[in-house]
Amino acid sequence: MKLFHKIFLCFVLLFGIAFQAAGFLLVNYAYGNAIEQEKKYAFQEFQQNKYILQSILYLEPELFENGADSLHNMAGRFTAPVALFSEDGVCIFSNTSMQPDFFIFTGEEDDRIAFRIFREGEESDIFVYGCIAQGDRKVFLVTETDISSVVVAQKGMVAYFQRIYIAILCISSPVIFLLTRALTGSIKKVGKAARRIAKGNYSERIGIEGKEEISELASDFDQMARQVEEKVAELSDVARQKEDFAANFAHELKTPLTSVIGYADMLYRRELPREEVKSAAEYILSEGMRLESLSLKLMDLFVLDKQDFLLERMSAEEMFENLAQGIGPVCRKHGAELHMEIEDSMIEVDYDLFKTMILNIVDNAVKADCRDVWISGTRGKDTYLIKIRDNGKGIPPKELGRITEAFYMVDKSRSRKQHGAGLGMALISKIVRIHRAEMEIESDGKMGTVVSIGFPLNKGGADEENI
Amino acid sequence: MKKTYKYTFLTMFLALAFIFGSMAVMNFILYIREDQFLSESGMAVVESPVRSWQGWGDEPDAKEDGERYSLTTVQVRDAVESWNQRLGETLHDPVEGQVSMKEAVREGEEWLISMGIGETQGAEDRLRLVKAALGVGIQKGSSKVQLEPYYSFWTVHFSGSYTDAVVYLNAVTGRVWRAEVTLYDNFFEELPCEKLGQFVELAGLPITDGVAEINEEKTQAVLVVEDGLLYAGLDYQNVALGDNAVVEYTNRELFHDRYVVITYEILTD
């Protein structure tokens, strides 16, 4: 049974129990009260008729000896049907609807009066009896007070109440239905969203606003769905990158190998002049070098993932002085001029990785046909910022997001000519992460590229002291 | 059938079963209660609305036969005020300090004779007791606290061939403090002012000023009693029905085309 059914049933049960209990208490109280009032009225009526009888006996002390006619003549003076019993319990006179012989006439005179409520068929009466002393003689007076109208009225009240009960239930049932639906609606919404997410629709959201429990649950659920969506996207991205990597790797391996096999086959099968042999060997050498470069960089890339590196605090100025000896010849080879402006600061680095990173960035710059390479190091409040700027061809802005992916090349033909495999930026990106640094690449695709790497500095004056 | 619909039908069935079941249960319980209510029997002590006479402290506890307790002016005023403003009447048996029915009837008869009511009638037509009852007035919002016995009044109804008289006697003093007399014959042709002083005297109250004030129509008279705390009032209504009214009567002999209603009463401010 669903929660909706349970809540609906609970509402109906609660409503029914509350209404019936309240109704019972009300009717019972009213009934009891009405009977009490009728009893009081019956006692007063008894008192009234007692005075009437006493008045009659005052005038006619020998009334009972005068015979039945006298008794019947006096009957009209009473305000209610009465019965008279002698001291020994013999009925002297009665005009009541039934013979009230259920009383035990004790003959004891006290302040109390006896009563009995009697029902016969549709008729209900209160019989009240008491002893009346007239001289030495005692008689018992019984009065009958009809309370049938009270019983009928009470039955009418119960029937009326039950009609109201049904009417109110008929009116309130749709209200209960709507209320239950409103209560379970949000839960149902959460359930539906959960099912859609389970089917793979990770962008599904419940979107219930409010501060109630269900809204909070919905909010938490949405938060969870967001996390799941992000993780799934991340995993999909990783899977895609791996697929791309495998495909690119196979392609990068196959291209030079095809050339190498082709030239080797040609050398093996034919007798070629010296110049052509030399040319073929040069091509084989070139492709071999590219394969070597590819394998070395791949090895670096895998090593970086596996190995733990110990970062040491080193002077940036000193490092760049040493690096200039390696960067200078590379720049000169490609006809580019190197400009360095380094502020000194202590930064935590693995020198070899740092060197690889700077050399790769400069290598990329010179391969982009730049005329100048500017390297600057500035000390900020929390970071040491290294900027490597060139005035080469630049990178189209739409490619900037993908250049750190392995085997991704902006200009594939040019990269291959320069023995590039598209792994340099992926390597740089990993080295940056190892140094807990942040890298930003800016380029408009026309006027060079700026690579900014921010290295975190230790807090306090430790850096200054260590310089 | 879908499982959801199955449960919906089951829910509806259970709800309806409960609704009608609860009605049946309630009716059954009420039937049992009704049976209990309508088979009740026992002895009930009907508490008197007035308590026994507590006395004044310096008086002997019991009075000799015929001796009555006297009331202060304030008590008389309270008793009269309570009786005149009553909404109904609670009948009760006489308590200690209150006159008996026999005494009340005798006092009533004596009062009628003293006031000259019914005295010209023959022995067969003389006033006869119809009913005497002792009661205390029901006041608006009255509590269940027992009242002093002087709040009770005997209502004694006499009737004769040409006279009807209802006299109201204070249950403690046994004096008539109000009387409504209807005369169908032997009329007082005008306001019997001279009877007012006698009424006050028979009521056991002192007259402050012996001169009664009479209204212009000569239908009402007022006499100051007890330093202005109480008044004695007399009202005279001479009612002529006319011959047309005879059609209302099946017994022509019982028809009176004229009657006089005289009301004697003690009033408060």
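Two strands count as paired here if DSSP finds at least two bridges between them. Keep that in mind for the close-ups below, which all come from a predicted model.

**View 1. Strands β6 and β10 of chain B, side by side.** Strand β6 (residues 176-183) and strand β10 (residues 258-268) of chain B run antiparallel and are joined by six bridges.

**View 2. The open sheet of chain B and its edges.** Nine strands make up this antiparallel sheet, and reading across you get β2-β3-β4-β5-β6-β10-β9-β8-β7. At the edges are β2 (88-91) and β7 (213-214) of chain B; each has a single partner strand, so one side of each goes without a neighbour in the sheet.

**View 3. Two helices of chain B against the sheet.** Helix α2 (residues 73-84) of chain B packs on the sheet and touches β3 (128-138), β4 (152-159), β5 (163-170), β6, β9 (230-240) and β10 of chain B. Its direction makes about 135 degrees with that of β10(B). Helix α4 (residues 194-202) of chain B lies across β6, β8 (220-225), β9 and β10 of chain B, at about 40 degrees to β8(B).

**View 4. Helices α6 and α7 crossing in chain A.** Over in chain A, the axes of α6 (residues 316-333) and α7 (residues 351-367) come within 10 Å and cross at roughly 30 degrees. The crossing of α6(A) and α7(A) is right-handed. Residues making the contact include A:Met319, A:Leu323 and A:Ile327 of α6(A), with A:Phe354, A:Ile358 and A:Val362 among those from α7(A). By class, the contact of α6(A) with α7(A) has eleven nonpolar, one polar and two charged residues.

Conventions. Residues numbered from 1 in each chain as written. Chains lettered and ligands numbered in written order. Predicted model: local features only at pLDDT ≥ 70, side-chain atom pairs only at ≥ 80, totals over all residues. Helix = DSSP H or I, 4+ residues; strand = E, 2+ residues; numbered from the N terminus. Contact = placed C-beta atoms within 7 Å. Axes fitted to C-alpha atoms, helices over the stretch in contact; angles between N-to-C directions. Left-handed = near helix turned anticlockwise from the far one by under 90°. Nonpolar A, V, L, I, M, F, W, Y, C, P; charged D, E, K, R; others polar.
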